[in-house]
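Hello,

Here is the structure for you to look through. My notes on it follow below.

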Amino acid sequence: MLSLLAHAVLTIASLRRMQLLSARRHTEILGDPLSVDPSGGVTQPALWAVLMMTEANDGPRAATALAERLLSERVTRCALLLFAPYAAPWLVRTALAAERPEFAARTVAAARSLAEENRNWPVLAAAADHARWLLGGDADALQLTACLHRDPWARAQMEEDLGGATEDRNAALRHLQRAAQTYARAGASRDAARVRQSLRSQGVRRRHWKNANRPDTGWAALTDTERAVAHLVAAGMTNRQTAQQMFLSPHTVNFHLRNIYRKLEIASRVNLATIVTTRREGVQGLSRTYWSSDQQLPLDAASGE
């Protein structure tokens with residue numbers, strides 16, 4: 001039971017850190033969410049891990065369709081919404097992106113019912129207000145309940161949503177910058193990248209990397225962005241798909257990939273996938289250094305032979 005719970009948590013954490021290959025492997029262990037044993041005590045984390053992975057891999061339409069299947073065959077809407085403070089807003093946002101406003105409306109109604117029946121839990125009121133606002137509520141009213149969002153990631157999502165909908169440019173920038181800072185502190189690089197894209201659309205470019213003394217070659221030479229690109233490409237994504245995941249242009253991904261190849265001294269995606277996979281599994285060799293002096297990869301594994 002605890003092992004499944006750990007894999008569910010690691011799936012969500014890996015997604016937020018833009019480590020799609022790791023997230024996929026944890027999800028594979030979880031299996032089909034419709035076959036998870038409800039007596040195991042990890043139903044909600046497992047369902048949400050697979051649901052969020054589906055959205056990242058296949059988009060909001062597939063995630064909304066899966067949510068509908070889960071609700072019809074597996075869990076009640078209220079049980080699904082009690083997973084985390086961000087559950088109701090996340091479902092509403094995903095349903096709206098999938099052009100399913102009726103599903104979003106049902107989710108909002110369930111969130112409001114939960115909040116009204118559990119008035120001693122302000123976090124439920126915050127989630128319900130956030131979800132309702134996404135359907136066209138009052139931004140001023142939402143900000144009054146912002147302090148009830150104690151979960152940092154849920155609070156960052158609210159700031160991001162407000163930043164995307166506020167007509168006042170200065171106010172929008174303040175919301176987006178707060179969201180970016182909170183995501184960055186939480187290590188949620190995928191979400192931080194999405195907010196940086198929104199800031200770029202407003203003409204604001206934020207420096208998000210740190211100066212570091214890195215070697216010229218090897219894994220340790222890669223920047224955080226380059227490592228994220230490496231993980232996504234190793235997971236089998238095309239440059240365009242990688243760009244969509246990282247909220248960058250394909251041209252920028254091409255630039256990062258060329259730097260990765262140069263620093264790792266490789267020439268193909270196959271080599272890169274082998275390095276990322278082998279590094280993740282902790283394999284060390286003595287033939288040729290690919291990352292740093294104390295992390296080595298056997299030459300035959302790097303070449304794919």
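Contact here means heavy atoms within 4.5 Å. Leaving aside neighbours within four places in sequence, Leu272 is in contact with Ala230, Val233, Ala234, Leu257, Ile260, Tyr261, Leu264 and Ile266.

A word on the source. This is a predicted model, where local features need pLDDT of at least 70, side-chain atom pairs count only at pLDDT 80 or more, and totals for chains, interfaces and linings use all residues. Residues are numbered from 1 along each chain as its sequence is written, and side-chain values use heavy atoms, with hydrogens and water left out.

Now the core. A nonpolar core is a set of buried Ala, Val, Leu, Ile, Met, Phe, Trp, Tyr and Cys residues joined through side-chain atoms within 4.5 Å. Buried means under 20% relative accessible area, exposed over 50%, and partly exposed in between (1.4 Å probe, protein chains only). The largest core has 84 residues, and Trp90, Leu91 and Leu272 touch the most other members. Helix H3 (residues 43-58) gives the most to this core, nine residues. Helices are DSSP runs (H or I, at least four residues), numbered from the N terminus.

Next, salt bridges (a side-chain nitrogen of Lys or Arg within 4 Å of a carboxyl oxygen of Asp or Glu). The whole structure has ten. One joins Asp161 and Arg93, with the closest N and O atoms 2.6 Å apart. Asp161 lies in helix H10 (residues 152-165) and Arg93 in helix H6, so the pair ties together parts 68 residues apart in sequence. Asp161 is buried, at 14%; Arg93 is partly exposed, at 22%.

Best wishes

Note on methods:
Helix = DSSP H or I, 4+ residues; strand = E, 2+ residues; numbered from the N terminus.
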